[in-house]
Amino acid sequence: MLRKMVCQTLIASLLGVSMQTAGAGMIGADRAVTASTQAHRTLVLSVLDRADTSAALQAQGIDPAQARERVAVMSDQEVRQLASDINSAPAGADVSVGGVLLVVAVAAAVWYFVFRR
Amino acid sequence: MNARPFGPTWRRGWVVRALFALLLAQLAGCAQLVPQTIGLRTDWPAGVPERTEISELPFFPQTDYQCGPAALATVLAHSGVAITPEPLVSQVWLPSRRGSLQIEMLAAPRRYGRVSYVLAPRFADLLREVAAGHPVLVLQDVGLIAPQWHYAVVNGFDYASGSIYLRSDIRPRVVMPFTAFERSWMQGGYWAMVAQRPDRIPVSASESGWIEAVLALERAHADGGVGMQAAWTAALQRWPNSLPAAVGLANQHYARRELTVAAEVLREAHRRHPKSAVVINNLAQTLSDLGHHAVALQVLQNAGGEAAQVFSVELAATRAQIELRSRQEISPGAPAVTKTEASQVQPVQPRRGARKAPRRAAPSARERPASP
């Protein structure tokens with residue numbers, strides 16, 4: 001399913017590349033930032049990365065349509081980064097009481113074994 | 001300090017010296033614990049008031065583990081987006097991690113036409129943004145033993161009492177000492193972001209960083225319509241020498257068929273960056289669309305060097321097209337073809353994905369405030 005989608009996207013993007021190469025017109029601001037000689041290769045890699053990242057999000061419990069939407073608003077660099085460290089990156093969450101309970105438990109244990117004797 | 005004689009015997013002097021050394025070591029330890037707070041004591045950033053608070057900032061109490069959506073809704077609502085945390089849950093919440101990732105926190109504001117910008121990891125920059133009325137979303141480690149990541153929004157500070165004000169979890173106004181805040185903030189690498197309207201550039205923004213951030217918004221909205229013209233206008237105003245800003249602004253005008261304005265912007269860009277092949281190509285294209293084929297071909301003559309090699313395909317295609325147009329206009333035999341050709345020639349969509357990795361502003365050690 002994913003493979004098929006990636007293939008379709010790749011074909012579409014390659015068609016897009018060849019059409020762009022053939023035509024004249026305005027060059028985008030993103031290419032004014034830096035001149036990449038490997039524009040086409042980068043574009044194809046970007047499509048692959050996006051499929052990868054989308055799959056990684058799905059593996060984390062996100063439904064496929066939402067995963068694609070979430071990847072769609074990321075920059076190329078973010079896509080690459082997320083695919084590589086989705087499991088290790090910090091995920092901001094709530095302040096839990098687990099840590100407090102642990103401290104209390106340790107303190108109680110120290111008091112019991114050291115001072116009560 | 002220790003030059004003053006403390007006692008008659010060398011023994012006492014030795015004790016004092018040892019105590020003094022210990023004190024120095026303690027101070028050094030403190031500086032390592034909260035280096036930036038120590039720096040702020042002696043080196044308060046210029047132009048930043050000693051007290052400020054964005055009190056009109058909305059507050060959304062978080063539900064279970066969902067500090068990400070709550071914090072994001074806070075900054076988005078302040079930037080003028082009508083939003084609550086609920087729709088953001090499906091955009092940034094990761095069920096398996098029971099939290100939100102930084103990258104997704106950056107990506108989500110783009111759906112609402114806002115530019116996400118990661119601040120340089122400096123306390124001074126955070127204070128400058130808050131003082132400028134931009135609430136700052138920060139990543140904190142609030143765990144006592146194991147790391148416990150948490151998002152909150154800084155909306156004020158007070159130098160005299162050394163406090164930072166935050167909207168955090170279910171508390172609308174948390175007051176944290178600078179030191180405690182820095183301890184929690186440094187664990188995440190001093191990560192902080194703002195979500196801005198495209199025409200409101202953060203006061204601490206670097207040119208390359210902001211341009212990358214705006215391009216990321218543009219990429220997310222390939223169909224346009226998110227105030228990109230205002231974004232590039234503001235960027236060009238702040239950094240008149242910015243090549244991407246000029247090209248971006250001209251492309252916005254071009255897309256609206258405001259060719260004369262586009263040509264003006266590109267002419268100025270060409271004056272500032274005579275070697276830029278992108279400017280040469282786009283200026284020639286625009287001039288040709290205006291009917292000035294000869295001038296356009298003259299502009300193309302300026303293309304040369306390494307920059308032109310990279311864009312050789314585009315430049316050649318533009319040249320061929322302009323030459324074709326001018327031949328057809330000169331030859332009286334084919335006026336109909338000219339018309340067809342003119343209608344066929346549509347500007348090619350700006351190509352995406354050809355960007356290199358953004359140059360992240362990694363502050364060197366000397367940029368940080370020095371500790372005493």
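## Chain B at a glance

In chain B, 62% of the contacts with a separation of 6 or more are between residues 24 or more positions apart; a contact here means heavy atoms within 4.5 Å. This is a predicted model, where local features need pLDDT of at least 70, side-chain atom pairs count only at pLDDT 80 or more, and totals for chains, interfaces and linings use all residues. Residues are numbered from 1 along each chain as its sequence is written, chains are lettered from A and ligands numbered from 1 in the order in which they are written, and side-chain values use heavy atoms, with hydrogens and water left out.

Chain B has 16 helices and 9 strands. Both are DSSP runs numbered from the N terminus: helices are H or I with at least four residues, strands are E with at least two. Of its 372 residues, 52% count as buried, where buried means under 20% relative accessible area, exposed means over 50%, and partly exposed is in between (1.4 Å probe, protein chains only). Chain B exposes about 17300 Å², with 56% of that coming from carbon and sulfur atoms; such areas come from the Shrake-Rupley method with a 1.4 Å probe, and for residues only the protein chains shown count as cover.

The model as a whole scores ipTM 0.72 and pTM 0.76. For single residues there's pLDDT, the predictor's confidence in each residue, from 0 to 100. Chain B has a mean pLDDT of 84, and 80% of its residues reach 70 or more. Watch out for residues 1–10 of chain B, though: pLDDT stays under 50 there, and the model has 7 contacts beyond four places in sequence for them. Residues 334–372 of chain B also have pLDDT below 50, with 73 contacts beyond near neighbours in sequence.

## The nonpolar cores

In soluble globular proteins, nonpolar side chains tend to be buried together. A nonpolar core is a set of buried Ala, Val, Leu, Ile, Met, Phe, Trp, Tyr and Cys residues joined through side-chain atoms within 4.5 Å. The largest one here holds 99 residues, and those touching the most other members include B:L72, B:F181 and B:W232.

What is B:L72 in contact with, leaving aside its neighbours within four places in sequence? The list is B:L88, B:V92, B:M105, B:A108, B:P109, B:L137 and B:M193. There's also a second, separate core of 16 residues, with A:L82, A:A89, A:A91 and B:L94 among them.

## A buried glutamine

B:Q102 sits in helix 5 (residues 102–107) of chain B. Its relative accessibility is 14%, so B:Q102 counts as buried. Beyond four places in sequence, B:Q102 is in contact with A:P90, B:L139, B:Y151 and B:W191.

## Salt bridges

Over all chains, a search of the whole structure turns up 16 salt bridges, each a side-chain nitrogen of Lys or Arg within 4 Å of a carboxyl oxygen of Asp or Glu. In one of them, B:E314 meets A:R31 at 2.8 Å, N to O. This pair joins two chains, because B:E314 lies in helix 15 (residues 312–330) of chain B and A:R31 in helix 2 (residues 30–33) of chain A. B:E314 is buried at 12% relative accessible area, and A:R31 is buried at 4%.

Chain A has a bridge between A:R80 and A:D49, with the closest N and O atoms 2.9 Å apart. A:R80 is in helix 5 (residues 76–85) and A:D49 in helix 3 (residues 39–59), so the pair links parts of chain A that are 31 residues apart. A:R80 is partly exposed at 38%, whereas A:D49 is buried at 17%.
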